[in-house]
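Here's a quick briefing to read with the structure open beside you.

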Amino acid sequence: MTQALLMSSSRMGNLGYLEHAHDQIHRLLKQQQQTVLFIPYAAVAFSFDDFEDIVRPVFKSLGYQLKSIHHVSDPVAAVKQADAIAVGGGNTFALLKRLYDAQLVDVISQRVKQNELAYMGWSAGSNVATPSLRTTNDMPIVQPPSFKALSIAPFQINPHFIPGKPAGHNGESREERLNEFLTMNPTEELLALYEGSALFIEDEFGTILGEKSGLWFKAPNQRDEIAANQRFALNMIKGA
């Protein structure tokens, strides 16, 4: 059974780093003693060491050990030996490029789908778990070899979803940007997640975790809500 936790964000409101997600993390890792392999490749403006220093205390407080992949000489072997990985947020394009550079895209995807590896990501780490980067909020500061990503979720996700426009903002709203995606890709749909929410995947089923519903964008200007804690078939949302 595929096991994955795709979080919209590392923070919710004024809470600390991943503070809102403790129960979500336990739901994936089941409070079993284990070492989580951390992938910090989305970090750009700060070092991988700094990123590890932010994330490790959170996992330690929850009873899990954490080791960053940038310390190992053979990243592919590390992923093949891991029972669980956590992919942090940052810039999605930098993250995917580095995953390709390290030859990790296929091995992560295959091991998760074969139920050999539990996957956890937040923000950019959730974006790369979808079929492609086409609904990320990030600037393409680098060019990966392909937009093709891990396809752990069979459809696109938009994390950090914020409705409407701030006062004085004359650019496109998030809804307008997602409508553009749906216009150009009429056979696909997508799931938008508010900050603090997550998609929990168990094999062919998903559950929205957190306090808010997920937003199911079906077509331009057409969407439904998926209630929190309501189990649904993943193929309900059309993917690539």
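This is a predicted model: local features need pLDDT of at least 70, side-chain atom pairs count only at pLDDT 80 or more; totals for chains, interfaces and linings use all residues.

**More on H2**
- H2 covers residues 48-61, which makes 14 residues. From first C-alpha to last, H2 reaches 20 Å, close to the 20 Å expected at 1.5 Å a residue.
- There's a bend of about 25 degrees in H2 at Val55, and Pro57 follows within four residues.

- Val44, Met139, Ile141 and Val142 make a nonpolar surface patch of about 370 Å².
- Val44 sits in the loop between S2 and H2. With a relative accessible area of 48%, Val44 counts as partly exposed.

**Ile152, a loop residue**
- You'll find Ile152 in the loop between helix H6 (124-127) and strand S6 (156-161).
- Ile152 is buried because its relative accessible area is 7%, and the cut-off for buried is under 20%.
- Setting aside neighbours within four places in sequence, Ile152 is in contact with Thr2, Ala4, Val112, Lys113, Tyr119, Ala129 and Ile201.
- Ile152 and Glu211 are 59 residues apart along the chain, and their C-alpha atoms are separated by 23 Å.

**Salt bridges**
- Side chains of opposite charge can pair when their charged atoms come close. The count here comes to 10 salt bridges.
- One of them pairs Lys165 with Glu176 at 3.7 Å, N to O. This pair links distant parts of the chain, with Lys165 in the loop between S6 and helix H7 (174-184) and Glu176 in H7, 11 residues apart. Both ends are partly exposed: Lys165 at 42% relative accessibility and Glu176 at 34%.
- Glu180 forms a salt bridge with Arg177, and their closest N and O atoms are 3.2 Å apart. These two are 3 residues apart in helix H7, so about one helical turn separates them. Glu180 is partly exposed at 37% relative accessibility, as is Arg177 at 43%.
- Lys218 and Asp224 meet in a salt bridge at 2.6 Å, N to O. Lys218 is partly exposed at 24% relative accessible area, and Asp224 is partly exposed at 35%.

Technical notes
Residues are numbered from 1 along each chain as its sequence is written. Side-chain values use heavy atoms; hydrogens and water are left out. The expected span of a helix is 1.5 Å times one less than its number of residues. The bend at a residue is the angle between axes fitted to the seven residues ending there and the seven starting there. Patches are made of residues with over 30% relative accessible area and no salt bridge: like charges are joined within 9 Å, nonpolar side chains (Val, Leu, Ile, Met, Phe, Trp, Tyr) within 5 Å. Accessible areas come from the Shrake-Rupley method with a 1.4 Å probe; for residues, only the protein chains shown count as cover. A salt bridge is a side-chain nitrogen of Lys or Arg within 4 Å of a carboxyl oxygen of Asp or Glu. Buried means under 20% relative accessible area, exposed over 50%, partly exposed in between (1.4 Å probe, protein chains only). Contact means heavy atoms within 4.5 Å.
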